[in-house]
Amino acid sequence: MKRLVILVLILSFYAYASAAQLINGAGATFPYPLYSKWFNEYNKQKPNVQINYQSIGSGGGIRQLIDQTMDFGASDAPMSEEELSMAKSPVLHIPTVLGAVVLSYNLPGITKLNLTGALISDIFMGKITKWNDSKLQATNKEVKLPDIYISVMYRSDGSGTTAIFTDYLVKISPEWSKRVGSGKSVKWPTGLGGKGNEGVSGLIKQAPGSIGYVELIYAKQNHFSYVNIQNNAGTFVAPSLDTVTAAAQGTLQAMPEDFRMSITNGDGKNAYPISAFTYILVYKNMGKDIGKPLVEFLNWSMGPGQELAKNLGYAPLPGNLIKKVRGALTQIKFN
Amino acid sequence: MKKKDKDFSDKIFYWILKILGYGTMVLLAALVVVLLKVSFPIFEKFGLKFFILNDWNPVTRVFGALPFIYGTVVTSLLAIVIAVPVSIGIALFVTEIANSKIKKILSFLVEMLAAIPSVVYGLWGLFVLVPWLRNSVEPFLGKYLGFIPLFYGAPYGVGVLAAGIILAIMIVPTVSSICREIFYSVPNLFREGALALGATHWEMMKLAVVKSSVSGIFGASILGLGRALGETMAVTMVIGNRPQISPSLFSPAQTLASLIANEYNEASNSSHLAALTAMGLVLLMVSLAVNTFAKIIQKRFQMRTGVGK
């Protein structure tokens, strides 16, 4: 009995001590490792603010924001007009970091591969079926491409990665735009599907002659081969944190006020063409209890947060954009 | 006074059991109601065409269930075709041949198979089974049996065959342990009778044990089939996730459960969500249809052989 009383006392003290302001969010899985690091670090600096995040997927994040069951949402793709009209009050898109999609391939002995947008579209449409196709060989003069069939691998699960990749293909190829379109799940003209980055990379690893797309961070962590892709300016660019940030930098001029913009096939000499923002979504009008610490956190994420992002393999936002985001954060009203 | 107490507690017990029993039915009904409600827009839009449409395109919002029904039924049937003979063999070995020590070890190991999480089966399938199928089995089958449509086409490794084999391994524990219990329940008189009539050990197993257990074996297969129809993770890793209908076992396909697991989290719009929910309904209907069909056949067997009731 005595022990029980002590236990209860300890527990209630613990509960009292940890009565911090709780902020709940949910959404995209892609930035989850970074966000959990951010929330953890931020909690160390400000113990009275505790942010919880559930990585349930971008679609779920948007739904929960619309239903107002969460204080903020997170999504790899900006909300559509349809979704924005379903929200009860105006929503602000805060770009946090950048992600990119890497084309990975399995061609024994070949370590450097260049592709143009048109070639990528032809491969994923099933129009180019062999690696030694004259068009492929013409863009890769230094290597001798083998006489084997191309197996295309795609993500079978609905994902932001697929959305970014197909968004790029739609921009690059009118035929792709007409026949397939873009989205988190599409009807692939050819190929095999793997579930998740690990499913796709598992398929690529085993099948010589295969090509597929995975997230940049996943590809880097596992030391995958990657394709250099020709960008708008005509240079073949390797995917890296710098080239992805450059893609955001290149489109800064055209950036709309609400940051809802696709930066695939972006401008800039060094821009990697299959890059995209990931967003945190908040209401422009928030309660003070939640809103104030959340905005403080978002400001922090634009400063020290960006440094942490680099360490974890996420491409940080370009400096001028950070200024714009900080400006947008001042629009948030508390009531 | 004491008797009344007993009556009272009996009554409570009776009601608890009754609620639990009917609760299952209510749960199933509630499930169907919710599925119908959420998927209603799809049936409104496509009507019964939804079941026979061979197309799935979330971008143009055209949704048809046929390739998924096909994939689900074909992979599950393939699993049964592979798993049932193996399971009967295991059960016969355990009940009729093995000594008690091997019997215990073998039964334990087979049941251990049931405890392996399905994602582990999936990964094993992707990294061990699939390369083996692609490099050895499928080229061999294609070379010598390629004239049969079943074994036609490029050997990808992933596809219907891989999914069927993985499912077969997953349902062997269920089917074999039920078969084992059925064989144990065959009266020893049958065995002795067969032997007394001059049957060899093999003939005794065939006549006295297996033949008199046919309807039970059938029931065991149905339980296995039920598990195969709904299996998700392991299948999605090795099936190639491509909604198409092809007679070849080498070609990729997609199942209902696997589709739902793949696309539900990130369904891009409300009609996509409705279509996926409708798939859940279809899966439920396919399971019910298969089970009903199997029950009918089982009844037939019972009438003919007159045992295993």
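This is a predicted model: local features need pLDDT of at least 70, side-chain atom pairs count only at pLDDT 80 or more; totals for chains, interfaces and linings use all residues.
**View 1. Packing of helix H5 on helix H6 in chain B.** Helix H5 of chain B spans residues 118-145 and helix H6 of chain B spans residues 160-185. Their axes are 9 Å apart and meet at an angle of about 130 degrees, which makes H5(B) oblique to H6(B). The crossing of H5(B) over H6(B) is right-handed. The contact residues comprise eleven nonpolar, two polar and one charged. On the H5(B) side they include B:Tyr121, B:Trp124, B:Leu129 and B:Glu138; on the H6(B) side, B:Ile165, B:Ile169 and B:Met170 are among them.

**View 2. Packing of helix H3 on helix H9 in chain B.** Helix H3 of chain B (residues 66-97) packs against helix H9 of chain B (residues 214-230) at about 140 degrees, with 9 Å between the axes. H3(B) is therefore oblique to H9(B), and the two form a right-handed crossing. From H3(B), B:Thr72, B:Ser76, B:Leu77, B:Ile80, B:Val84 and B:Ile88 take part. They meet B:Ile217, B:Ser221, B:Gly224, B:Leu225, B:Ala228 and B:Leu229 of H9(B). Eight of these residues are nonpolar, four are polar and none is charged.

**View 3. Contact between domain 1 and domain 2 of chain A.** The domain assignment places residues 2-99 + 276-334 of chain A in domain 1 and residues 101-254 in domain 2. The C-alpha centres of the two domains of chain A lie 32 Å apart. In the contact, 19 residues of domain 1 touch eleven residues of domain 2. About 1,300 Å² is buried between these domains of chain A, with carbon and sulfur atoms giving 73% of that area.

Conventions. Residues are numbered from 1 along each chain as its sequence is written. Chains are lettered from A and ligands numbered from 1 in the order in which they are written. Side-chain values use heavy atoms; hydrogens and water are left out. Axes are lines fitted to C-alpha atoms, for helices over the stretch in contact, and angles run from 0 to 180 degrees between N-to-C directions. Helices (H or I, at least four residues) and strands (E, at least two) are DSSP runs, numbered from the N terminus. Angles under 35 degrees count as roughly parallel, over 145 as roughly antiparallel, 65 to 115 as roughly perpendicular and the rest as oblique. A crossing is left-handed if the near helix is turned anticlockwise from the far one by less than a right angle, and right-handed if clockwise. Contact means heavy atoms within 4.5 Å. Ala, Val, Leu, Ile, Met, Phe, Trp, Tyr, Cys and Pro count as nonpolar, Asp, Glu, Lys and Arg as charged, and the others, Gly among them, as polar. Domain bounds come from an automatic or database domain assignment. Buried area is the accessible area (1.4 Å probe) that two parts lose on being put together, summed over both.
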